[in-house]
Amino acid sequence: MTIAPPQTMTPGLLPAAYQAADTPRSGIFVVLEGISGSGKSTLARHLAERLDCRAFHTVPAPISDLQPYVNANARALPQLAFYLAGALHSSDLARQALVHGHAVADRYINSVVANHSAVHGLDNGSVAATIAPFVGYLTQPDMTVYLHTSLDELTARMTAKPDQTASDRDLIADRALLRRLQEHYDQIADGDPTAYHLHTDNRTPEQLADHLGDMIHAMASVQQPHDHT
């Protein structure tokens with residue numbers, strides 16, 4: 001039997017088993033996007049403490065244990081499928097958290113697009129088109145925070161990381177790749193209606209978390225609960 005590629009794969013046409021859970025949404029979903037070293041993970045932890053909510057990574061553990069193998073051995077399309085799977089699973093984690101409160105994601109689908117396109121020499125649009133059939137499954141953020149850090153500062157922070165990854169080392173060694181990745185994030189942010197730009201240089205994670213926490217509390221005070229995610 002030959003399996004033909006679907007012409008459309010909108011969520012409404014997928015089997016029931018592939019539909020996202022229809023759950024109530026009572027909190028604010030915040031996504032932190034940015035290059036490695038911009039402070040996403042630290043900020044996510046501080047913000048979750050202030051909001052008394054769950055924080056998670058786009059490729060949550062234990063799935064993340066496979067990242068070094070996938071990055072080193074898989075071709076471009078299997079790599080994309082791996083990170084897309086992480087984003088889809090993170091979307092379910094967000095839905096669960098949003099039933100009773102807020103949720104904070106350390107990276108989300110825009111990081112998948114930006115990093116994949118920059119590493120493989122693709123444009124954002126080509127990657128976005130490839131994953132488009134599955135995007136309807138994703139829980140939509142209320143605010144996507146794009147962290148901005150100078151390239152020199154990013155390089156210094158990645159160099160000092162005790163848990164430095166192969167991807168970090170690639171960005172440290174290749175300034176052109178680092179610059180290209182920032183450009184891909186900027187392009188995505190330009191078309192993102194939920195974008196909020198936050199500069200991190202000379203500001204502590206605690207200061208950034210206080211700033212965002214105040215914004216989120218203000219958003220929650222005026223936002224009506226969603227019927228579903």
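Predicted model: local features only at pLDDT ≥ 70, side-chain atom pairs only at ≥ 80, totals over all residues.

The volume of the largest cavity is about 40 Å³.

Its lining is formed by Glu33, Gly34, Tyr146, Leu147, His148, Gln182, Tyr185 and Asp186. Two or more residues of this lining come from each of the elements β4 (143–148) and α8 (175–190). Sorted by class, the lining comprises 3 nonpolar, 3 polar and 2 charged residues.

## Helix α8

The end C-alpha atoms of α8 are 23 Å apart; this agrees with the 22 Å that its 16 residues should span at 1.5 Å a residue. At the N-terminal end, α8 is capped by Asp174, which has a side-chain oxygen 3.2 Å from the backbone nitrogen of Ala176.

Which residues of α8 are buried? They are Leu177, Leu178, Leu181, Gln182, His184, Tyr185, Ile188 and Ala189. Viewed down the axis of α8, the buried residues fall within an arc of 155°, so they line one face of the helix. Gln182 and Tyr185 are buried in α8 and also belong to the lining of the largest cavity.

## Loop residue Asp52

Asp52 is placed in the loop between α1 (40–51) and β2 (54–57). Is Asp52 buried or exposed? Its relative accessibility is 72%, and the cut-off for exposed is over 50%, so Asp52 counts as exposed.

In sequence, Asp52 and Arg107 are 55 residues apart. In space, the C-alpha to C-alpha separation of Asp52 and Arg107 is 19 Å.

Definitions and conventions:
Residues numbered from 1 in each chain as written. Heavy atoms only, no water. 1 Å grid on protein atoms, 1.4 Å probe; cavity = no way out; pocket = protein on both sides within 12 Å on 5 of 7 lines; lining within 4 Å. Points joined across faces, edges and corners; volume = space filled by probe spheres on them. Helix = DSSP H or I, 4+ residues; strand = E, 2+ residues; numbered from the N terminus. Nonpolar A, V, L, I, M, F, W, Y, C, P; charged D, E, K, R; others polar. Buried < 20%, exposed > 50% of the residue type's maximum accessible area, 1.4 Å probe, protein only. Expected span 1.5 Å × (residues − 1). Arc of directions from axis to C-beta. Polar contact = N/O pair within 3.5 Å; in protein donor to acceptor, adjacent residues only side chain to side chain.
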